[in-house]
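User: I've got a model open and a list of things to check. Can you go through it with me?
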Amino acid sequence: MNLPHVSIIMPCYNAAAHLARSVGSVQAQTFGDWELVAIDDGSADDTAARLAAMAAGDPRIRVYTQANGGVSRARNRGLSEARGRCIAFLDADDDWSPYFLARMTAALQAQPDAVLAYCGWQNIGLSGGRGQPFVPPDYETAGKRETLFAGCRWPIHATLTRREAVTAAGGFDTALKNAEDYAMWLRIAGRAPITRVAEVLAFYHFHSDTQASSAHARAALDFADAQLDYLADHPDFPATLGTDRVRQMVFGTLLTRGNECFWKRNLKDARLIFRRVMAARYGRATDWLRMLPALLPERAYCRLIGTLDRLGSMRPAR
């Protein structure tokens with residue numbers, strides 16, 4: 001049996017409305033040596049039936065079902081079933097340019113020591129001019145590791161990765177509800193070469209307020225946990241950067257996200273983030289004055305900030 005060059009992992013949860021577009025973008029690829037490994041993660045709609053119908057018409061599509069366990073478990077299941085030499089990830093509500101696989105496989109073939117290729121993308125469905133196409137810079141520089149540690153530099157479906165690199169990274173951390181892809185890329189690309197395809201080939205669709213990025217506290221705390229896990233596994237890295245820089249990159253970033261929530265009066269998320277920052281004993285005296293009330297129970301904390309707002313003593317920053 002000939003094995004496919006690329007395995008595409010697609011986790012699906014209540015995704016019936018989006019499958020025609022996402023799976024259609026895979027079937028429209030000009031590079032045809034692929035398999036689509038679709039994991040129905042306990043959907044309550046007719047996702048499984050639609051996937052089965054698509055698989056019946058295209059033997060390159062393989063469908064698996066499991067009880068709902070979250071996107072990381074679904075992706076890990078897909079990895080366990082994948083047979084390709086390279087791995088791509090495409091969520092069921094996103095899609096690709098027809099040239100995505102052709103350009104990305106060519107990039108890895110042109111640079112045999114590269115473990116990952118990444119490309120540009122466009123956010124679809126955002127208002128206020130936030131949906132402009134974006135081509136990221138070349139991250140293969142002397143400061144790459146620090147740059148990657150500071151933030152997730154591409155969406156999950158804007159990459160093609162060699163299978164052995166994904167396997168060596170251990171798959172996705174199921175303890176993380178957010179930042180699981182960031183943790184993966186940091187482990188894969190932190191030390192091995194990567195290559196850029198300077199074209200917009202991936203499209204990320206915003207279609208509701210329930211997408212993962214809307215859970216501000218969980219996203220911020222999971223990101224910090226992913227950073228701390230990486231530091232624990234790679235002690236040479238903090239030794240290179242220095243303690244102060246590392247703490248600023250982890251807890252300074254966390255404090256910034258807490259302040260953003262606080263000034264927007266998203267007090268529930270701000271309180272959770274502030275408590276984590278204080279536990280790390282991070283921040284200046286002025287930061288602590290703002291954070292200390294977060295030690296109160298949630299209801300008391302919200303009442304206190306509301307009272308201070310009414311008194312005019314703690315107004316949101318403009």
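User: Is C152 buried or exposed, or something in between?
Analyst: C152 counts as partly exposed, at 35% relative accessibility. Buried means under 20% relative accessible area, exposed over 50%, and partly exposed in between, with a 1.4 Å probe and protein chains only. This is a predicted model: local features need pLDDT of at least 70, side-chain atom pairs count only at pLDDT 80 or more, and totals for chains, interfaces and linings use all residues. Residues are numbered from 1 along each chain as its sequence is written, and side-chain values use heavy atoms, leaving out hydrogens and water.

User: Which helix pair has C261 in its contact?
Analyst: α8 and α10. Contact means heavy atoms within 4.5 Å.

User: How do those two helices sit?
Analyst: α8 (residues 216–233) and α10 (residues 243–263) pack at about 180°, axes 10 Å apart. That makes them roughly antiparallel. Angles under 35 degrees count as roughly parallel, over 145 as roughly antiparallel, 65 to 115 as roughly perpendicular, and the rest as oblique. Axes are lines fitted to C-alpha atoms, for helices over the stretch in contact, and angles run from 0 to 180 degrees between N-to-C directions.

User: And C302, which helix contact is that in?
Analyst: The one between α11 and α13. C302 is on the α13 side with E298, Y301 and I305. From α11 come L267, K268, A270, R271 and F274. The angle is about 115°, with axes 10 Å apart. So α11 is roughly perpendicular to α13.

User: Switching to the sheet. What's the strand order?
Analyst: β3-β2-β1-β4-β7-β6-β8-β5, an open sheet with mixed pairing. The edge strands are β3 (61–66) and β5 (95–96), each pairing on one side only. Two strands pair if DSSP finds at least two bridges between them. Strands (E, at least two residues) and helices (H or I, at least four) are DSSP runs, numbered from the N terminus.

User: What about β6, enclosed or open?
Analyst: Largely enclosed by the rest of the structure, because seven of its nine residues (116–124) are buried. Three bridges join β6 to β7 (residues 159–162), antiparallel. Nine bridges join β6 to β8 (residues 194–205), parallel.

User: Where does C119 come in?
Analyst: C119 stands opposite V197 in β8. On the β7 side, A117 has L160 as its bridge partner.

User: Last one. Where is A82?
Analyst: In the loop between α3 and β4. A82 is buried, with a relative accessible area of 5%. Its contacts include S7, I87 and R163, leaving aside residues up to four places away in sequence.

User: How do S7 and I87 relate to each other?
Analyst: S7 stands opposite I87 in β4. Strands β1 (residues 6–12) and β4 (residues 86–89) pair in the parallel sense over four bridges.
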